[in-house]
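Biologist: Please take a close look at one part of this protein for me. I would like to hear about the nonpolar core and the strands around it.

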Amino acid sequence: MYIKASSPRQPGDNAKLYSPLMKFFGNMCLQFYYHMSGATTGSLNLTQNSVIFGWQSKQVARCCINCPYELTCQILTNHSIKIGQLWRSRITPSEISIILHMIRKPNSITNLFVLSNLEIICNFDVSMYGFVQGINDKFDWTRHNGSTPSSGTGPSFDHTTGNLTGYYMYIKASSPRQPGDNAKLYSPLMKFFGNMCLQFYYHMSGATTGSLNVTVSGNLVFSAGGDRGDMWRKANVNVSAIEGLHTVTFEGVVGSDFSGDIAIDDFSLTAGSCPYGKFFD
C-alpha cells in the first residue's frame with residue numbers, strides 16, 4: 001500500500017487507511033514496515049484512539065502487533081498520512097501483521113478475541129495463529145518445520161508448502177513421554193452458526209502411534225488412532241448441532257512407544273456444509 005504524492009495532490013493532502021477492529025489489552029507490540037523516501041516527503045502518523053505516533057523524512061524501519069488474523073477485524077486504528085511539498089514524496093506502509101494471542105490462567109484458558117468471519121484459515125507458517133497450549137494435560141504441542149527428530153515417525157514437511165519453509169504443529173512421542181500422556185491445543189474462540197465445515201490435515205505415522213481426538217466445546221467430532229501411513233490426510237467434519245462461541249481442541253495421545261508422532265496442519269472453519277460431506281482420509 002502506498003500514497004502517490006504527485007499531481008493532482010496538493011501540500012497537506014492526507015489519506016487515511018483503517019485497520020480491522022482488533023482487541024488491545026495490556027502491553028501490545030504493533031509491527032509493520034514502512035518506506036519514506038524523497039526530498040520533500042511529508043509525514044506518516046499512526047493513531048490508536050487518538051494517540052498519535054509519527055514518523056517523518058527519509059526513514060525505512062520495522063515496527064508489530066503479534067496477530068495474523070486480519071479476518072477478525074473492523075475499524076479501530078488508522079494511518080493518517082500527510083503529503084509533502086512535491087511529487088517525490090512517497091510513503092509505503094506495508095505488511096501489517098496482526099497476531100492475536102490468548103493467555104493462560106492457573107486453571108483455565110482465556111480467549112482474548114473472537115473469530116466470526118465466514119472463513120478462518122490457519123496454517124501455522126507464521127505463528128500459532130492464536131492457538132494456545134492446554135493446562136490440564138501432560139505436555140505441549142510443538143510448532144515445527146521439516147522432519148521430526150525421531151526416525152520412522154512424523155512428517156518430513158508441512159502440508160501447506162511441502163518444503164522446509166512451512167510449519168505445522170505436532171506432539172513428540174519420544175522420551176520423557178509415557179504411554180497415555182496427552183497434549184491439548186486450543187483454538188481461539190470461534191463463532192459457530194448453522195452448518196459449518198471444520199477441516200484440517202493430520203499426519204499419523206509410526207508403528208506405535210497413539211490417537212488424535214478433536215472436540216468442539218467438549219463434543220467429540222473426530223477421532224483417529226494407529227498408524228495411518230507416512231502421508232498427510234484430510235479430515236472434513238460437518239458441524240451443525242453447535243451454536244455460539246466455542247473453541248476447537250486437538251488432543252494428541254501418546255501410544256505405546258516413541259514411534260508415534262502426531263501432526264496437524266491447515267486448519268479451517270467455513271460457513272456451510274463440507275463440499276463432499278463428512279469424511280476422513
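**The core and its strands**

Modeller: Leucine 212 stands opposite alanine 224 in E22. Keep in mind that this is a predicted model. The strands behind that pairing are E21, residues 211-216, and E22. They run antiparallel and share 6 bridges.

Now widen the view. E21 and E22 belong to an open sheet of 5 strands. Its order is E15-E18-E25-E21-E22, with antiparallel pairing. Strand E15 (132-133) and strand E22 (219-225) are the edges, and each pairs on one side only.

Next, the core. Leu212 is also one of the residues that touch the most other members of the largest nonpolar core. Leu198, Phe222 and Phe250 complete that group, and the core holds 36 residues. Strand E20, residues 196-204, gives the most to this core, with 5 residues. In soluble globular proteins, nonpolar side chains tend to be buried together.

Stay with leucine 198. Its bridge partner in E23 is valine 237. E20 and E23 pair in the antiparallel sense, over 7 bridges. Strand E23 spans residues 233-239 and is mostly covered, with 6 of its 7 residues buried.

What does leucine 198 touch, leaving aside residues up to four places away in sequence? From residues 233-239 of E23, the contacts of leucine 198 include Ala235, Asn236, Val237 and Val239. Leucine 198 also touches Val214, Val216, Val221 and Val248. Phe267, Ser268, Leu269 and Cys274 complete its list.

Definitions and conventions. Residues numbered from 1 in each chain as written. Predicted model: local features only at pLDDT ≥ 70, side-chain atom pairs only at ≥ 80, totals over all residues. Heavy atoms only, no water. Core = buried A, V, L, I, M, F, W, Y, C linked by side-chain atoms within 4.5 Å. Buried < 20%, exposed > 50% of the residue type's maximum accessible area, 1.4 Å probe, protein only. Helix = DSSP H or I, 4+ residues; strand = E, 2+ residues; numbered from the N terminus. Contact = heavy atoms within 4.5 Å. Pairing = 2+ DSSP bridges.
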